[in-house]
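My notes follow the order in which I checked each item.

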Amino acid sequence: MFLYKGEVKTNPYFNQEYYALLEGMACTERPVQLKKLIKMALTSEVDYPMVFRWLKTNPAASEALLLYLNSKPEQVLNFDGLRLYLDAMTYRWKSKARLQQFINLEESLLPKISEKNKVVFDEIRKRIKKDVEWSEKYLPSITKWMYDNLVIVKKGPWKKRLPGIIVPTRYDLEITPYIPGSAKYLFSRNMTFDGKVTMTFTVTQETSEIVVNAHRLVIDPGNIVVKDNQNTNIEVNTAEVEKDYENGILTIPLASKLTPNTVYFLSISYSGFISNKQHHGVYSNYNFQEYRGKQG
């Protein structure tokens, strides 16, 4: 950022080169740099529409934009490009948890939102709701195709193992399968299932991340909740949740450390797929009965 401002002062480049520098800065995952870039965009030091178009494709930018809005609400709400700001911030918000987060945010800011900006918030909320509905309808099928065609799982156990810091003591599991004849549901949900698991666990040493196995599951980071035995929420760094597809490992970074001698609870809501052949995951089988020499 310092170098960019220095180059602007001396003006040795063409506009295209400045845009290339800005686009590169918009790709950073560093919160400090993102905060500086957001501030520049809000103060019109740069071409803010272009900056927000770049930021919307940066997974780390969503949380940075949310944090900036919470810390300086008046500045953001009075910004001419509020619609672009909110669109970039919520571009990847496609879960019910994220929709509720936006509703809660809107309610908290309501006394400061002008009548004009209420229209903007209403548009963004409706767009998020539409994205949630689309994701629930089509994302499982898309993810299943990607698992089946792009994720290579070798025969035998995965070579990469869990660190062993997390010690589970109990699992509470809920599964809702969508199989023919079970109930009415959208065609896109056929041969899939919804699940929710709550894992009770302790840790063997201080850690700021939870590492668990997860394979062939659709997990939105917004649907991951961590609490301690006092029912206090432990913040999940949703932008940094990472899935190792080839080894079936999910890494959940936390904003604070977990300590030994404390009971914690990890809750994850997810969707999965029921394969019609043996696979690494849930699969279906068929039982045939002989009746008068025929299978049925």
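**Aromatic pairs and a buried threonine**

I began with Tyr-185, which is partly exposed, with a relative accessible area of 24%, and I kept in mind that the model is a predicted one. I then looked up Tyr-178, and found that this residue is buried, its relative accessible area being 15%, which falls under the 20% limit for that class. The ring centres of Tyr-178 and Tyr-185 lie 5.4 Å apart with the planes at 70°, so I noted the pair as edge-to-face.

Next I asked how many aromatic pairs the structure holds. The count is nine, and one of them joins Tyr-48 and Phe-52, edge-to-face, at 6.5 Å centre to centre with 65° between the planes. Both residues belong to helix α4 (residues 48-55), and because they are four residues apart there, about one helical turn separates them. Phe-52 is buried, with a relative accessible area of 1%. I also recorded that ring pairs link Tyr-48 and Phe-52 with Phe-79 and Tyr-85 into a cluster.

For a charge over a ring, I looked up Lys-94, which lies over the face of Tyr-91 at 5.6 Å from the ring centre.

Last, I turned to Thr-192, which is found in strand β2 (residues 192-203) and is buried, with a relative accessible area of 4%. Leaving aside residues up to four places away in sequence, Thr-192 touches Thr-176, Pro-177 and Tyr-178, as well as Gly-272, Phe-273 and Ile-274.

Note on methods:
Residues are numbered from 1 along each chain as its sequence is written. This is a predicted model: local features need pLDDT of at least 70, side-chain atom pairs count only at pLDDT 80 or more; totals for chains, interfaces and linings use all residues. Side-chain values use heavy atoms; hydrogens and water are left out. Helices (H or I, at least four residues) and strands (E, at least two) are DSSP runs, numbered from the N terminus. Buried means under 20% relative accessible area, exposed over 50%, partly exposed in between (1.4 Å probe, protein chains only). Contact means heavy atoms within 4.5 Å. Rings of Phe, Tyr and Trp (its six-membered ring) pair if their centres lie within 6.5 Å; planes under 30 degrees apart count as stacked, over 60 as edge-to-face and the rest as tilted. A charge sits over a ring if NZ of Lys or CZ of Arg is within 6 Å of the ring centre and within 35 degrees of the ring normal.
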